[in-house]
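I am keeping these notes while I look up pockets, a surface patch and salt bridges. The sequence and the structure come first.

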Amino acid sequence: MNARPFSIGEAIALGWDTFKRNIGLSIGLAAGNVLTIMIVDGLAEAARDYALLASALGFLSQLLQVFWSLVWIRFALRVYDAREVRPRDLVPDAKRYLEFLAVSVLYALLVTAGLLLLVIPGIYLSVRYAFVGFLVADERAEVLDAFHQSSLLTKGARWRIFFLMLLLAVLNLVGALFFGLGLLFTIPTSLFAMARVYRQLAA
């Protein structure tokens with residue numbers, strides 16, 4: 001499969017324009033994301049003298065982060081597709097969540113293992129399989145097939161995807177510098193940009 005060409009600048013510009021058009025929903029979703037994680041992390045900190053409870057709450061926090069990642073991707077895709085955004089369309093069922101959790105864990109393990117092997121293999125794997133989460137969230141693939149399909153989607157476009165991911169990482173780093181408030185703007189922009197590229201490559 002030959003990847004369709006895409007412009008990094010256009011992807012980021014479209015991500016920002018999409019965020020501005022959906023600023024209320026985006027910030028509302030971000031606020032819910034941050035609030036739930038802060039509550040669970042706060043409870044874990046308060047329970048630090050109770051190792052088992054603190055560990056359970058820490059694990060719950062990780063599961064919540066995966067849940068919100070899936071919600072964000074579903075949101076970004078629905079907005080990009082100009083479909084109505086309803087809460088029931090964003091919240092996944094148990095099967096989809098477990099598949100997304102599995103693909104997220106496998107992706108993290110692959111990238112981490114690659115980073116331990118002189119860094120470059122980890123960067124390569126992170127780019128090659130950049131869209132495994134999108135494929136599962138979009139219900140186009142199950143866990144193992146998502147890696148195969150992402151490899152096909154990114155073939156021929158991996159350098160551009162790498163530079164896009166690098167620029168988005170810098171953008172979110174800058175957003176985090178402003179007491180984290182900038183992330184309310186940069187995270188949705190990043191996801192809308194990635195959704196644009198995913199849709200273009202999968203067309």
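Which side chain does aspartate 89 meet in a salt bridge? I find that the side chain of aspartate 89 meets that of arginine 86, at 2.6 Å from N to O, where a salt bridge is a side-chain nitrogen of Lys or Arg within 4 Å of a carboxyl oxygen of Asp or Glu. Aspartate 89 is buried at a relative accessible area of 15%, whereas arginine 86 is partly exposed at 28%; buried means under 20% relative accessible area, exposed over 50%, and partly exposed in between, with a 1.4 Å probe and protein chains only.

I note the ground rules here: this is a predicted model, in which local features need pLDDT of at least 70 and side-chain atom pairs count only at pLDDT 80 or more, while totals for chains, interfaces and linings use all residues. Residues are numbered from 1 along each chain as its sequence is written, and side-chain values use heavy atoms, with hydrogens and water left out.

**Entry: other salt bridges**

I looked up the total and found that the structure holds 12 salt bridges. One of them joins the side chains of glutamate 10 and arginine 196, at 3.4 Å from N to O. Glutamate 10 lies in helix α1 (residues 8–21) and arginine 196 in helix α10, so this pair ties together parts that are 186 residues apart in sequence; helices here are DSSP runs of H or I with at least four residues, strands are runs of E with at least two, and both are numbered from the N terminus. Glutamate 10 is partly exposed at 47%, while arginine 196 is buried at 15%.

I then checked arginine 199, which forms a salt bridge with aspartate 138, the closest N and O atoms being 2.7 Å apart. Arginine 199 lies in helix α10 and aspartate 138 in the loop between α7 and α8 (143–154), so the pair ties together parts that are 61 residues apart in sequence. Arginine 199 is buried at 16%, and aspartate 138 counts as buried at 18%.

**Entry: pockets**

I took a pocket, on a 1 Å grid over the protein atoms alone, as an open set of points where a 1.4 Å probe fits, with protein on both sides within 12 Å along at least five of seven lines, and lining residues as those with an atom within 4 Å of a point. The largest pocket has a volume of about 1,300 Å³, a volume being the space filled by probe spheres set on the points. Its lining has 37 residues, and Gln65, Ser69, Ile73, Ile187 and Leu191 lie nearest the centre. I note that α3 gives the most to this lining, with eight residues. By class, the lining has 28 nonpolar, nine polar and no charged residues.

The second largest pocket has a volume of about 190 Å³, and its lining consists of Ile120, Ile123, Tyr124, Val127, Arg158, Trp159 and Phe162. The largest share, four residues, comes from α6.

**Entry: surface patch**

I found a nonpolar patch on the surface formed by Trp159, Phe163, Leu166, Val170, Val174, Leu177 and Phe178, with about 760 Å² of accessible area together. Phenylalanine 163, in helix α9, is partly exposed at a relative accessible area of 40%. Patch residues have over 30% relative accessible area and no salt bridge, with nonpolar side chains joined within 5 Å, and the areas come from the Shrake-Rupley method with a 1.4 Å probe.

Notes: Nonpolar A, V, L, I, M, F, W, Y, C, P; charged D, E, K, R; others polar. Patch = residues over 30% accessible without salt bridge, like charges linked within 9 Å, V, L, I, M, F, W, Y side chains within 5 Å.
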